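Please work through each task before reading its solution.

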Amino acid sequence: MRKTVVAALLLAALPAAALAMDEHIAVQPNALKWGPAPPGMPPGARVAVLSGNPGSDGPYVVRARLPGGYKIAPHTHPTDENVTILSGVFHIAMGDKFDAKKGETLRAGGFFTAQKGMQHYGWSTGPTVIQIHGMGPFAINYVNPADDPRNNAKTSAKQ
């Protein structure tokens, strides 16, 4: 009798499991919709949201195209940040002062994670594409408020 009840429950759960498996996302590279980076990022980057909404609670996946010489000043995030380098070269370093002599150089296939509150900064030396994923909301808090593009009216107007 007990085996029959367990079997019946498992069979009843199959439609729900099948529905969950049908909820997938497949994105072709040529279908990405690239737009300007959010105002908290320095101008010049282009961003495409693959999944979720980085501005709200829940999982998200975004890609960013960074031009050569792109710099992101020391900052923190209120949630963990996970980054995979898809093409090009990206440099990442920890600390509250930008120093291009420090850090690590990551090439395509490289990955780093910065835990919530960790002070870090990054830069590209040539055109680079990175993929960022995590739990939202995504936010960037600059260590030095003068580095925040949102505090520069001229920079913010370009966004």
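Strands, labelled E, are DSSP runs of at least two residues, numbered from the N terminus. By this rule, threonine 128 belongs to strand E10, which covers residues 128-136. The model is a predicted one.

**Exercise 1. The elements of the chain**

Task: State how many helices and strands the chain contains, and in what order the elements run.

Solution. 
- Step 1. The chain contains two helices and eleven strands.
- Step 2. Read from the N terminus, the order is α-β-β-β-β-β-β-β-β-β-β-β-α.
- Step 3. Of the contacts with a separation of 6 or more, 70% join residues 24 or more positions apart.

**Exercise 2. Threonine 128**

Task: Decide whether threonine 128 is buried or exposed, and describe what surrounds this residue.

Solution. 
- Step 1. The relative accessible area of threonine 128 is 2%. Buried means under 20%, so threonine 128 is buried.
- Step 2. A polar atom of the threonine 128 side chain lies 2.9 Å from the backbone oxygen of glycine 126.
- Step 3. Beyond neighbours within four places in sequence, threonine 128 is in contact with residues including Ala64, Leu66, Ile85 and Phe90.
- Step 4. Leucine 66 in turn is in contact with Thr128, and also with residues including Ala45, Phe90, Gly126 and Ile130.

**Exercise 3. The largest nonpolar core**

Task: Identify which residues of the largest nonpolar core touch the most other members, and which elements give two or more residues to this core.

Solution. 
- Step 1. The core has 21 residues, and those that touch the most other members are Leu66, Ile85, Phe90, Phe112 and Ile130.
- Step 2. Two or more core residues come from each of E3 (58-66), E4 (71-76), E5 (81-87), E6 (89-94) and E10. The largest share, four residues, is that of E3.
- Step 3. In soluble globular proteins, nonpolar side chains tend to be buried together.
- Step 4. In the chain as a whole, 35% of the 159 residues are buried. The chain exposes about 9,800 Å², of which carbon and sulfur atoms supply 59%.

**Exercise 4. The salt bridge**

Task: Find which side chains meet in a salt bridge, and state whether arginine 150 and aspartate 148 are buried or partly exposed.

Solution. 
- Step 1. The structure holds one salt bridge. It links the side chains of arginine 150 and aspartate 148, with an N to O distance of 2.8 Å.
- Step 2. Arginine 150 has a relative accessible area of 39% and is therefore partly exposed.
- Step 3. Aspartate 148, at 11% relative accessibility, counts as buried.
- Step 4. Side chains of opposite charge can pair when their charged atoms come close.

Terms used
Residues are numbered from 1 along each chain as its sequence is written. This is a predicted model: local features need pLDDT of at least 70, side-chain atom pairs count only at pLDDT 80 or more; totals for chains, interfaces and linings use all residues. Side-chain values use heavy atoms; hydrogens and water are left out. Buried means under 20% relative accessible area, exposed over 50%, partly exposed in between (1.4 Å probe, protein chains only). Contact means heavy atoms within 4.5 Å. Accessible areas come from the Shrake-Rupley method with a 1.4 Å probe; for residues, only the protein chains shown count as cover. A polar contact is a pair of N or O atoms within 3.5 Å; within protein, one must be able to donate a hydrogen and the other to accept it, and residues adjacent in sequence count only if both atoms are side-chain atoms. A nonpolar core is a set of buried Ala, Val, Leu, Ile, Met, Phe, Trp, Tyr and Cys residues joined through side-chain atoms within 4.5 Å. A salt bridge is a side-chain nitrogen of Lys or Arg within 4 Å of a carboxyl oxygen of Asp or Glu.
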